[in-house]
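Hello,

Here is the structure I promised to pass on. My notes on it follow below.

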Amino acid sequence: RELLAWLDRHPGEPRLVARIYALTGLLDRYRDNPAVVTALAEFRDRTPYPPGLEDHLTPSTDIGTLASLSGKIESLMGEGRTEEAARVALATLDMLREIAPRVIEHDSTLHDFGDVVAEVQRELVEAIEEKRQQLPDGT
């Protein structure tokens, strides 16, 4: 946790890495929550492979789905594929935002789920934009 806080204080790649790991922490936190797993399964009945996650989601939805997704994002990071990890992270956050209302319907104690997801997404987008601005041509 201290390392991630330190990384987050440094703009560019370090902050982006910290923000991606904030998402994997979120996935690990909710991976086996029944309301989240149920809402995710309902969503995937309609959209089996959401955009950006086609090559990263397991075929079935169960308590291992979010953990597997977290592991894939971490693997991309470990391979130095930070930009791809960021794209997968954003697609994951889009999916979580989609299921947020159903999560809350299934378990009202998770009333802040959507807000937590939105905050992680906002911070990740901020880090991506910041890193993009550091590139010589701004792309």
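The chain has six helices and zero strands. Helices (H or I, at least four residues) and strands (E, at least two) are DSSP runs, numbered from the N terminus. Along the sequence the pattern reads α-α-α-α-α-α. This is a predicted model: local features need pLDDT of at least 70, side-chain atom pairs count only at pLDDT 80 or more, and totals for chains, interfaces and linings use all residues. Residues are numbered from 1 along each chain as its sequence is written, and side-chain values use heavy atoms, with hydrogens and water left out.

Overall figures next. Of the 139 residues, 40% count as buried. Buried means under 20% relative accessible area, exposed over 50%, and partly exposed in between (1.4 Å probe, protein chains only). Take contacts between residues at least 6 apart in sequence: 66% of them join residues at least 24 apart. Contact here means heavy atoms within 4.5 Å.

Now the helix packing. Two packed helices are described by the angle between their axes and the distance between the axes. Axes are lines fitted to C-alpha atoms, for helices over the stretch in contact, and angles run from 0 to 180 degrees between N-to-C directions. Angles under 35 degrees count as roughly parallel, over 145 as roughly antiparallel, 65 to 115 as roughly perpendicular and the rest as oblique. A crossing is left-handed if the near helix is turned anticlockwise from the far one by less than a right angle, and right-handed if clockwise.

α2 with α4: the angle is about 160 degrees, and the axes are 8 Å apart. α2 is therefore roughly antiparallel to α4. The crossing of α2 past α4 is left-handed. On the α2 side, the contact includes Val17, Ile20, Tyr21 and Tyr30; on the α4 side, it includes Leu66, Leu69, Ile73 and Met77.

α2 with α5 (residues 82–106): the angle is about 40 degrees, and the axes are 10 Å apart. So α2 and α5 are oblique to each other. α2 passes α5 in a left-handed crossing too. Among the residues in contact are Leu16, Leu23 and Leu27 of α2 and Ala85, Ala89 and Leu96 of α5.

α2 with α6: the angle is about 160 degrees, with the axes 8 Å apart. That makes α2 roughly antiparallel to α6. The crossing of α2 past α6 is left-handed. Residues that meet here include Glu13, Arg19, Leu26 and Tyr30 in α2, and Phe113, Val120, Leu124 and Gln134 in α6.

Then the rings. Rings of Phe, Tyr and Trp (its six-membered ring) pair if their centres lie within 6.5 Å; planes under 30 degrees apart count as stacked, over 60 as edge-to-face and the rest as tilted. The count by this rule is one aromatic pair. The ring centres of tyrosine 30 and phenylalanine 113 are 5.0 Å apart and the planes are at 85 degrees, so the pair is edge-to-face. Tyrosine 30 lies in α2 (residues 13–30) and phenylalanine 113 in α6 (residues 113–134), so the pair ties together parts that are 83 residues apart in sequence. Tyrosine 30 and phenylalanine 113 are both buried.

There is also a charge to look at. Arginine 44 lies over the face of tyrosine 49, at 5.2 Å from the ring centre. The rule: NZ of Lys or CZ of Arg is within 6 Å of the ring centre and within 35 degrees of the ring normal.

Alanine 39 is in α3 (residues 34–46). Its relative accessibility is 2%, so alanine 39 counts as buried. Beyond its neighbours within four places in sequence, alanine 39 is in contact with Ile99, Arg102, Val103 and His106. Serine 75 lies in α4 (residues 65–78). Serine 75 counts as partly exposed, because its relative accessibility is 41%.

Best wishes
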